[in-house]
Amino acid sequence: MSIIDDVRAAGDLLPPGFQMRFFEQLDSTNNAALDGDWPEFTVLAADSQRSGRGRLGRSWTSIPGRNLYVSIVLFPQRQTLEWGSLSLVTGVAVAKALAGLGFSPRLKWPNDVLLAGKKVAGVLCEARNAKLVAGIGLNVNQVEFADDLRHRATSLREQRGRGLSRSMVLAAVMNSFAGCYRLWQSAGFFALASQWSELDLLAGEFVRVAFGAKVVQGRARGIDEQGQLLVVDTAGKIRALNSGEVSIEYGY
Ligand code: BT5
């Protein structure tokens with residue numbers, strides 16, 4: 001079934017003010033959202049992406065017919081300094097939607113949503129001028145992953161043992177996102193931090209955080225009110241990190 005048929009039903013279930021645009025294929029829904037002249041709360045969805053993007057030039061596997069690849073166009077009213085937290089807000093929104101569908105998601109700072117320790121969704125927020133695009137890749141019905149992803153990636157179908165309707169999942173994610181974004185606009189990340197923390201996979205774990213050529217190792221202590229990762233390093237000093245690649249070092 002094409003994304004047009006499969007996801008069209010979601011249009012009726014979207015939160016007020018949200019409008020869907022469907023595409024069979026795009027290079028990247030984030031690119032289309034950044035480049036086009038779309039009003040706020042336009043949701044661009046593609047059945048597949050030719051060059052779906054992750055952070056730092058990494059790619060996002062975007063096979064047709066199975067998953068969700070969406071980007072939401074936003075014109076945030078809060079100060080640009082606060083926009084970085086929207087990546088975490090989007091993660092909370094996806095996780096809450098999945099929890100509402102009976103899954104038990106966890107969040108791995110800064111932008112991964114995991115089920116059973118494997119990545120089911122990734123978030124990529126990108127800004128241009130006054131616009132911020134929140135991109136979400138969510139594996140819904142994918143059954144096979146390439147060798148390099150097999151042990152790290154999962155889908156809703158793999159976890160549940162049966163397929164789910166993409167339109168239903170999309171509607172759940174968008175409704176959850178609308179609520180989280182409204183709260184962020186009115187009160188800032190502060191109002192969502194505790195929800196994020198309840199799902200924090202890293203809290204209490206010994207982690208290694210690489211950013212650029214630097215590495216911090218220590219015990220993860222959750223996030224602060226800006227959404228930065230707090231790590232008590234091996235010298236006992238609290239470090240607040242706003243970017244980086246985190247891996248858990250077991251056995252400490
Ligand atoms: C992310 O990056 O997790 C953000 C992914 C955002 C994708 C969406 S799809 C709609 C919108 N349009 C775009 O072009 N992008 C957004 P990062 O943390 O850098 O993770 C990337 C890594 O996740 C890769 O290097 C792989 O290891 C892994 N990966 C790639 N495809 C995956 C998939 N389908 N499922 C799970 N893991 C995947």
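Ala, Val, Leu, Ile, Met, Phe, Trp, Tyr, Cys and Pro are counted as nonpolar, Asp, Glu, Lys and Arg as charged, and the others, Gly among them, as polar. On this basis, the shell around the ligand in this predicted model holds seven nonpolar, 14 polar and six charged residues.

The shell comprises 27 residues. Ser-28, Arg-53, Arg-58, Lys-119 and Asn-139 come nearest to the ligand. Several polar pairs were computed. A polar side-chain atom of Gln-49 is placed 3.0 Å from a ligand nitrogen. A polar backbone atom of Asn-30 lies 3.5 Å from a nitrogen atom of the ligand. On the oxygen side, an N or O atom in the side chain of Asn-111 is 3.4 Å from an oxygen atom of the ligand. On its own, the ligand has 790 Å² of accessible area, and the protein covers 93% of this.

Secondary structure elements contribute to the shell as follows. Helix 2 (29–35), strand 3 (68–74), strand 6 (118–128) and strand 7 (131–138) each give two or more residues. Strand 6 gives the most, with four residues.

The ligand takes up the space of the largest pocket. About 960 Å³ of space lies in this pocket. Its lining counts 45 residues. Closest to the centre are Trp-60, Asp-112, Lys-119, Leu-149 and Arg-152. By class, the lining divides into 16 nonpolar, 19 polar and ten charged residues. At least two lining residues come from each of helix 2, strand 3, strand 5 (112–115), strand 6, strand 7 and strand 12 (245–248). Strand 6 again gives the most, here with five residues.

The second largest pocket holds about 650 Å³ of space. It is lined by 32 residues. Gly-84, Ser-85, Ser-87, Leu-88 and Asn-242 lie nearest its centre. Two or more lining residues come from helix 3 (86–100) and from strand 6. The largest share belongs to strand 6, with five residues. The lining has 15 nonpolar, eleven polar and six charged residues.

Conventions
Residues are numbered from 1 along each chain as its sequence is written. This is a predicted model: local features need pLDDT of at least 70, side-chain atom pairs count only at pLDDT 80 or more; totals for chains, interfaces and linings use all residues. Side-chain values use heavy atoms; hydrogens and water are left out. A residue is near a molecule or strand if one of its heavy atoms lies within 4 Å of it. A polar contact is a pair of N or O atoms within 3.5 Å; within protein, one must be able to donate a hydrogen and the other to accept it, and residues adjacent in sequence count only if both atoms are side-chain atoms. Accessible areas come from the Shrake-Rupley method with a 1.4 Å probe; for residues, only the protein chains shown count as cover. On a 1 Å grid over the protein atoms alone, a cavity is a set of points where a 1.4 Å probe fits but cannot get out, and a pocket is an open set with protein on both sides within 12 Å along at least five of seven lines; lining residues have an atom within 4 Å of a point. A molecule sits in a cavity or pocket if more than half of its atoms lie within 2 Å of its grid points. Grid points are joined across faces, edges and corners, and a volume is the space filled by probe spheres set on the points.
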